[in-house]
Amino acid sequence: MAYALITGASKGIGKSLAESLAKRKYNILLVARSEELLKENAAELEKKYGIKTAVLALDLSAPDAAKKIAEWCTANNFDVTVLVNNAGYGLGGAFHTLPLADQLNMMQLNMQSLVSLTYLMIPVLKKTQQKTYILNVGSTAAHQAVPYLGVYSATKAFVLSFSRAIFHELKDENISVTCLCPGPTDTNFIDRANMGVLKEMAAKFEWPPAKVAKVALSGMFAEAVEVIPGFMNRVSYAFIKLMPKKVAEKIAAGIYLKAIRGGSKA
């Protein structure tokens, strides 16, 4: 039976993607930092869906993380046919006020680890004769520069551009590449990004992770190059494309500056 490898699989969208793939009778490989949460999730999936699981606990932002994951798959002869690069996080605040080390760590995780793992897993995906899939998790923030989420939005723009490029490079292979660009989702992203003041506003538009996962996998298996869950997110994307960049960025700056100031008072 084929395996699906999911990074950032301990909670949020990654956990929901793992469950959605288990429903489709994929064996599941779960990778994240928290071994305890991974083991809990793995046991639940095995019991609920009768599939096999394996877990690997490691810090995905470590420079050698992708190599360790690929070696783990090879050593255990896991027949990986789905790769989900979900691990990532955001930091909110003015670029010059956030610790440089934290921002570089975010860049390492959101971009370099994703690229490295994709590179190392493509030969594994090519080995099988059946159709295989790569799902990279971006964000609606990939579609414009977002002041006060500057580095984060830039990393997600990179993920989207990279995904779209290799979609075409691999179109004659057995590998389809999709970039998921979710909008507000009911995860701990806002808290980790230090933008808790946005919770009330985001709650009006948030999707549950399970719903995001369902739409993501429907698009991935349909071999869509990009998936934007939610009608309002797609409408917003259309407006951003038509709007002058300076105007879109000014609007975003006003929203997120308010969030940062609100967060600093809390």
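How far is the sulfur of Cys181 from the closest cysteine sulfur, and in which residue does that closest sulfur lie? In this predicted model, in which residues are numbered from 1 along each chain as its sequence is written, local features need pLDDT of at least 70 and side-chain atom pairs count only at pLDDT 80 or more, whereas totals for chains, interfaces and linings use all residues. Side-chain values use heavy atoms, with hydrogens and water left out.

The closest cysteine sulfur to that of Cys181 belongs to Cys179 and lies 4.0 Å away, which is too far for a bond, a disulfide being a pair of cysteine sulfur atoms within 2.5 Å. The structure holds zero disulfides. Cys181 is buried at 0% relative accessibility, and Cys73 is likewise buried, with a relative accessible area of 2%; here buried means under 20% relative accessible area, exposed over 50% and partly exposed in between, with a 1.4 Å probe and protein chains only.

Cys73 also belongs to the largest nonpolar core, which has 48 residues and in which Leu5, Leu29, Ile69, Trp72, Cys73, Val80 and Met121 touch the most other members. Such a core is a set of buried Ala, Val, Leu, Ile, Met, Phe, Trp, Tyr and Cys residues joined through side-chain atoms within 4.5 Å. Elements that each supply at least two residues of this core include β1 (3-7), β2 (27-32), α3 (65-75) and α4 (100-127), and α4 gives the most, with eight residues; helices (H or I, at least four residues) and strands (E, at least two) are DSSP runs, numbered from the N terminus.

Helix α4 is also the place of Asn110, which is buried at 1% relative accessibility. A polar atom of the Asn110 side chain lies 2.9 Å from the backbone oxygen of Tyr89. Leaving aside neighbours within four places in sequence, Asn110 is in contact (heavy atoms within 4.5 Å) with Gly88, Tyr89, Tyr152, Thr155, Lys156 and Val159.

The structure holds three cavities of 30 Å³ or more, a cavity being a set of points, on a 1 Å grid over the protein atoms alone, where a 1.4 Å probe fits but cannot get out, with lining residues having an atom within 4 Å of a point. The largest cavity has a volume of about 90 Å³, and its lining includes Thr7, Ile69, Asn85, Leu109 and Leu117. The elements that give two or more residues to this lining are α3 and α4, and α4 gives the most, with four residues.

Technical notes:
A polar contact is a pair of N or O atoms within 3.5 Å; within protein, one must be able to donate a hydrogen and the other to accept it, and residues adjacent in sequence count only if both atoms are side-chain atoms. On a 1 Å grid over the protein atoms alone, a cavity is a set of points where a 1.4 Å probe fits but cannot get out, and a pocket is an open set with protein on both sides within 12 Å along at least five of seven lines; lining residues have an atom within 4 Å of a point. Grid points are joined across faces, edges and corners, and a volume is the space filled by probe spheres set on the points.
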